[in-house]
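Hello,

I am passing a structure on to you, and I hope you enjoy looking through it.

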Amino acid sequence: FKHCSAKYLIQDRNLGTTNPLKNYLFKKNGGIIAACIQKNIAEHNGTALFYDVDIFFSYGKKTTNDIMRLGARIDKIIPIGSLSMCNALSSKINTYKDKKEQFDILFIGQNTTSPRTNWKYNYESIKWLVKMSKDMPNLRIAIKHHATWQGDKLEQEITNNSNIEYISHDLNTYSLGFKSKLILTYGSSMGYEFIGLGRNVRFLDPGNENPFINNFVYKDNLVINSYFDLKKLIEGKNELQHT
């Protein structure tokens with residue numbers, strides 16, 4: 001910052017990487033405001049439990065509640081939505097909304113390479129999808145991973161010999177969400193983004209300890225804790241049963 005100083009610092013960061021020492025040095029060298037754009041959801045049992053920032057541009061009004069309870073130092077919160085989503089959809093957002101839905105269930109996966117997270121119940125969620133594909137073979141169920149996904153041997157062993165489709169992770173997940181009747185995820189931040197777009201979203205929490213789920217999602221009854229409840233939800237939606 002001695003060589004590259006400014007009045008305002010805007011960071012596009014994962015949670016937990018708004019380093020307070022960096023902010024101190026920025027201000028020591030003439031900086032006034034250190035800001036951050038929300039890029040993901042806080043993992044409650046991970047390393048991303050503390051924010052130090054003057055202004056936080058959040059997904060929405062509720063997506064900072066847990067962050068503040070975890071002890072963040074944020075002076076001002078301004079909900080702006082998801083810049084990543086807006087960039088991905090651009091002006092085509094209305095076109096995607098009008099397109100015919102292609103999938104009954106779209107599961108948005110996560111990068112399970114992190115050793116800091118116990119992914120046991122994420123795999124349990126995948127097992128639910130396999131069971132659902134067998135109990136209701138008329139449903140078109142797809143799994144979509146992020147572009148950085150490098151494969152997951154255990155997951156692929158679970159889905160082997162099932163009729164679950166894997167969508168190329170190079171395709172735009174946001175546009176696929178508009179073509180799906182029900183969006184499921186274990187904890188992808190895209191689940192929160194799709195809530196803001198009015199899509200039908202549910203978070204799966206087989207072990208009742210999913211670290212990626214914010215408290216407001218439980219209060220809004222968007223969490224499914226058992227395969228029985230998942231099946232009951234789908235059985236209650238005629239548009240899913242008769243495609």
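Which residues lie nearest the centre of the second largest pocket? They are Tyr-59, Gly-60, Thr-63, Tyr-192 and Gly-196, out of 15 residues that line this pocket. Please keep in mind that this is a predicted model. The space in the second largest pocket comes to about 260 Å³. Helix 8 (residues 189–196) supplies the largest share of the lining, with 4 residues. Sorted by class, the lining holds 6 nonpolar, 5 polar and 4 charged residues.

Now to the aromatic rings. The count comes to 9 aromatic pairs. One of them joins Trp-149 and Tyr-166: the ring centres are 6.1 Å apart and the planes stand at 10 degrees, so this pair is stacked. Trp-149 sits in the loop between strand 6 (141–144) and helix 6 (153–159), while Tyr-166 belongs to strand 7 (residues 165–167), so the pair ties together parts that are 17 residues apart in sequence. Trp-149 is buried, at a relative accessible area of 10%, whereas Tyr-166 is partly exposed, at 32%.

Tyr-192 is in helix 8 and Phe-203 in strand 9 (residues 201–204), so here the parts tied together are 11 residues apart in sequence. Both Tyr-192 and Phe-203 are buried.

Lastly, have a look at Trp-119, Tyr-186 and Phe-212, which form one aromatic cluster.

Best wishes

Notes: Residues numbered from 1 in each chain as written. Predicted model: local features only at pLDDT ≥ 70, side-chain atom pairs only at ≥ 80, totals over all residues. Heavy atoms only, no water. 1 Å grid on protein atoms, 1.4 Å probe; cavity = no way out; pocket = protein on both sides within 12 Å on 5 of 7 lines; lining within 4 Å. Points joined across faces, edges and corners; volume = space filled by probe spheres on them. Helix = DSSP H or I, 4+ residues; strand = E, 2+ residues; numbered from the N terminus. Nonpolar A, V, L, I, M, F, W, Y, C, P; charged D, E, K, R; others polar. Phe/Tyr/Trp six-rings, centres within 6.5 Å; stacked < 30°, edge-to-face > 60°. Buried < 20%, exposed > 50% of the residue type's maximum accessible area, 1.4 Å probe, protein only.
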